[in-house]
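Good morning, everyone, and thank you for making the time. Please take a moment with the sequence and the model before I go through them.

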Amino acid sequence: NFGVEVRQDTLHVLFFAQELGWDFSMIRKELSRDPSVELTALFRVSEQRFIVQGSRQKGDEQLEAGFPASREVLDLFRCVIVGSFGASQWNQDQSKALLEYVQDGGAVVFLGGEHSFGAGGYAGTLIEPLFPWRLSSSASAFQVGQFGVSVPPAALGSSSIIAEAAKIISQQDAPTIESVNVEGPLKPGAVTLLEASVSGRPVPLVCIQRYGQGQAMAVASNTLWRWCRSSDTLKEAFGYFWRQTVKNMTGWEEGQRFVAVKWDQEQYNPGQSGLATISIAG
């Protein structure tokens, strides 16, 4: 007979941003609903001053000096979320660390905004390969207005990241966002998970691609959080999207150090049957 130890591991997420904006507040609130997710926030308050909030881990003291410039610190986190700020605020070591982190199996999510992607000057930078679309400072545009959101047919049933959110969105009367980054064409292998309608044509809103052994996602808006104030239904879709994003991009499952448990749904109604797939490490 062999004893089996079941341990609840923690999925550590790093959020790097310029300020305590609504994007961060709403994402943190939804991720906190999952007890297995721990969020560490790193904010730039001036050129050389940073604030660290949330979960702390042994070895992350270097965060107080800014975004990690070493793989050792980044490897403390399973997923990194990057807010909207210009490429000029990255140094060579930080860019190299992030690129290698994703290449070796890490996950990164870039948020949209006025200083994101092509508009942020990321074309030709060391981390440009991480973006799922081609960048051009002249072709990129950050637009403000009302843009309808839909799930492209190719994404339905093909991505567990938006499976639950897609069910909700497809039942809504034209959910919208109020800003969108219009970028270049998708790179080969990149997949669009959500689209926005801009001047009558579909524009990628959420895209994902593999890079090396890891994955990179881009969210081409900084107003997706407004769904939380729009209706309870869209708030639920927003929460599903972020919880499933950090879990699926990192391949995280409950336990996973000794016994991993994967459920067929994120939550159940009273009396509803649930199916669990249990696997033993090794």
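Predicted model: local features only at pLDDT ≥ 70, side-chain atom pairs only at ≥ 80, totals over all residues.

How many Å apart are the mean positions of the positive and negative charges of the protein chain? The chain has 23 positive and 29 negative charges, and their mean positions are 1 Å apart, where Lys and Arg count as positive, Asp and Glu as negative, and His and the chain ends are not counted. Each charge is placed at NZ of Lys, CZ of Arg, CG of Asp or CD of Glu.

Residues are numbered from 1 along each chain as its sequence is written, and side-chain values use heavy atoms, with hydrogens and water left out.

The protein chain has six helices and 13 strands, counted as DSSP runs numbered from the N terminus (helices H or I, at least four residues; strands E, at least two). Its C-alpha atoms fill a box of roughly 65 × 45 × 35 Å along the principal axes. Of the 282 residues, 49% are buried, meaning under 20% relative accessible area with a 1.4 Å probe, protein chains only.

Let me finish with helix α6, residues 232–250, whose 19 residues should span 27 Å at 1.5 Å a residue, which agrees with its end C-alpha atoms being 27 Å apart; the expected span is 1.5 Å times one less than the number of residues. Helix α6 is mostly covered, with 14 of its 19 residues buried, and after it comes glycine 251, whose phi is positive, near 65°.

Key:
Buried < 20%, exposed > 50% of the residue type's maximum accessible area, 1.4 Å probe, protein only.
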